[in-house]
Amino acid sequence: MLELRRLASFLKEDENAFAELLAKKTNADVVAEKNYLESELGKALSRNEKVAVLYEKLYEDNADGKVTDEWFMQLSHKYEIERMKLKTKIADIRQKIFDIGESAHNKDMFLLAIRKFMEMDKLTVPLLSELIDKIEVYEIEGVGKSRTQRIVIHYRFVGHIELPDRSPQDNYVADTRKGVAVRYIPEALPA
């Protein structure tokens, strides 16, 4: 909730800066992800071609009597299974590359969800589901009052957002239960 308040506050104070931060973040993520996927697609296509050549060579070797029918059946079955897996993998990678092209729409959807949060008095399960993809909770570090626990929120459409430290009031503190206070620390702690 503290993180969402901080996002909403940042959006309300300076919508252009928030949109620019979101664009830079998603653009950097998109470029890295797209490069990785294109590399994986190239590898899968190359392997698919190689398997087709190997299958063809195996067929010729079987026809020439260099490979027994039993060995031909085993290897051809193996190559066919690999080709089917590669076909599925290639289709999945191509879909992911296509989905990356939807990032402009994703930013708009995220901004819309944050605006909905700003208009609501309390956080609801549907809004939470609309905003958050996953939350990573790390081990507690330190002892006593210096205990810390890193929590990383990954938002739907845009992933993790690291907002710049804008002012001292950004370090929200909330008493969650007796004897436990939660303080939002904007800087990323080492993983």
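Student: Which residue takes a positive phi in the hairpin of strand 1 and strand 2?

Tutor: Helices (H or I, at least four residues) and strands (E, at least two) are DSSP runs, numbered from the N terminus. Two strands pair if DSSP finds at least two bridges between them. Here the hairpin has six residues between the strands, and G142 takes a positive phi near 85°. This is a predicted model, in which local features need pLDDT of at least 70, side-chain atom pairs count only at pLDDT 80 or more, and totals for chains, interfaces and linings use all residues. Residues are numbered from 1 along each chain as its sequence is written, and side-chain values use heavy atoms, with hydrogens and water left out.

Student: How many bridges join strand 1 to strand 2?

Tutor: Seven bridges link strand 1 (residues 132–141) with strand 2 (residues 148–155), and the two run antiparallel. As one example, I132 has Y155 in strand 2 as its bridge partner.

Student: Which elements have the lowest and the highest mean pLDDT?

Tutor: The term pLDDT denotes the predictor's confidence in each residue, from 0 to 100. The protein averages 77, and 65% of the residues score at least 70. Strand 3 (residues 173–177) has the lowest mean among the elements, 55, whereas helix 3 has the highest, 92.

Student: What span does helix 3 reach from its first C-alpha to its last?

Tutor: The expected span of a helix is 1.5 Å times one less than its number of residues. Helix 3 has 32 residues and reaches 46 Å, close to the expected 46 Å.

Student: Is S76 buried or exposed?

Tutor: Buried means under 20% relative accessible area, exposed over 50%, and partly exposed in between (1.4 Å probe, protein chains only). S76 lies in helix 3 (residues 69–100) and counts as buried because its relative accessibility is 10%. Other buried residues of helix 3 include L75, Y79 and L86. Contact means heavy atoms within 4.5 Å; leaving aside residues up to four places away in sequence, S76 touches Y55 and L58.

Student: How many aromatic pairs does the structure hold?

Tutor: Rings of Phe, Tyr and Trp (its six-membered ring) pair if their centres lie within 6.5 Å; planes under 30 degrees apart count as stacked, over 60 as edge-to-face and the rest as tilted. The structure holds two such pairs. Y55 and F72 form a tilted one, 6.4 Å centre to centre with 40° between the planes. Y55 lies in helix 2 (residues 15–63) and F72 in helix 3, so this pair ties together parts 17 residues apart in sequence. Y55 is partly exposed at 29% relative accessibility, while F72 is buried at 11%. Ring pairs link Y55, Y59 and F72 into a cluster.
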